[in-house]
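Please keep the sequence and the structure in view while reading.

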Amino acid sequence: MPLIAQPLPLPGGALLARLHGINAEHGYLPEEALRGAADELQVPLSQVYSAASFYSAFSFEPRGRHTIHACQGTACYIRGGDKLLEKLEATLGVKAGETTADRLCTLETVYCVGSCSMAPVIRVDGDTYGRLKASHLPRILKKCRPIEEQEV
Ligand code: FES
């Protein structure tokens with residue numbers, strides 16, 4: 001028997017299910033929703049944050065509708081991945097790790113997506129684009145523009 005009382009484990013991954021629900025509803029994990037989940041599930045807020053921060057699928061900041069991953073792994077970097085990232089940052093007006101003001105795009109870096117033979121690589125909403133040059137980016141970024149602008 002432990003000397004310090006421990007909270008009982010939640011049944012069947014209730015906390016993760018609740019976090020997924022919040023993430024699906026808001027696109028990220030707002031603090032007030034996490035506090036609500038802690039109250040609802042009767043667990044310490046620290047336990048909610050511990051679980052939420054463990055999984056990269058969750059974010060504490062609002063995210064864009066589209067996610068762009070610019071690979072900066074070795075194969076991509078030596079083939080110009082750094083230049084592609086610079087071009088993406090300049091085009092979108094954000095730095096890696098940030099979301100555009102219109103919340104259309106979140107730009108992130110990754111370190112290898114397993115497509116080194118196609119380096120340099122970016123991924124947009126899970127679709128991989130390889131052997132890229134900066135001149136290819138405007139066509140790829142079309143899907144990140146508002147729908148009414150995509151038709152033009
Ligand atoms: S280093 Fe970019 S896909 Fe492997």
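The text below takes up the sheet and then the packing of the helices. The model is a predicted one, and the values given for it are computed.

Four strands form an open sheet, in which they follow the order 2-1-3-4 and the pairing is mixed. Its edges are strand 2 and strand 4 (127–129), each of which pairs on one side only. From one strand to the next, the twist averages 20 degrees.

The parallel part of the sheet includes strand 1 (residues 66–71) and strand 2 (residues 105–110), which are joined by six bridges. Within this pair, His69 stands opposite Glu108 of strand 2. The antiparallel sense is found where strand 3 (residues 122–124) pairs with strand 4 over three bridges, and here Arg123 has Thr128 of strand 4 opposite. In general, the strands of a sheet pair through backbone hydrogen bonds, in either a parallel or an antiparallel sense.

Helix 4 lies across strand 1, strand 2 and strand 3, and runs at about 145 degrees to strand 1.

| Helix pair | Angle between axes | Distance between axes |
|---|---|---|
| Helix 1 (residues 14–26) and helix 2 | about 150 degrees | 11 Å |
| Helix 1 and helix 3 | roughly 70 degrees | within 10 Å |
| Helix 2 (residues 31–41) and helix 3 (residues 45–54) | roughly 120 degrees | within 9 Å |

Helix 1 and helix 2 pack at an angle of about 150 degrees, and helix 1 is therefore roughly antiparallel to helix 2. The crossing of these two helices is right-handed. On the side of helix 1 the contact involves Ala14, Leu15, Arg18, Ile22 and His26, which meet Ala33, Ala37 and Leu41 of helix 2. Sorted by class, this contact of helix 1 with helix 2 has six nonpolar residues, one polar residue and one charged residue.

How does helix 1 lie relative to helix 3, and which class of residue makes up their contact? The axes of helix 1 and helix 3 cross at roughly 70 degrees, so that helix 1 is roughly perpendicular to helix 3. This crossing of helix 1 and helix 3 is also described as right-handed. Leu15, Leu16 and Leu19 of helix 1 meet Val48, Ala51 and Ala52 of helix 3, and the residues of this contact divide into six nonpolar, no polar and no charged.

For helix 2 and helix 3, the axes cross at roughly 120 degrees, and the two helices are therefore oblique to each other. Helix 2 passes helix 3 in a right-handed crossing. The contact is made by Leu34, Arg35, Ala37 and Ala38 from helix 2, together with Leu45, Val48, Tyr49 and Ala52 from helix 3. By class, the contact of helix 2 with helix 3 has seven nonpolar residues, no polar residues and one charged residue.

Ala37 of helix 2 takes part in the contact with helix 1 and in the contact with helix 3, while Leu15 of helix 1 meets residues of helix 2 and of helix 3.

Key: Residues numbered from 1 in each chain as written. Predicted model: local features only at pLDDT ≥ 70, side-chain atom pairs only at ≥ 80, totals over all residues. Pairing = 2+ DSSP bridges. Axes fitted to C-alpha atoms, helices over the stretch in contact; angles between N-to-C directions. Parallel < 35°, antiparallel > 145°, perpendicular 65-115°, else oblique. Left-handed = near helix turned anticlockwise from the far one by under 90°. Contact = placed C-beta atoms within 7 Å. Nonpolar A, V, L, I, M, F, W, Y, C, P; charged D, E, K, R; others polar.
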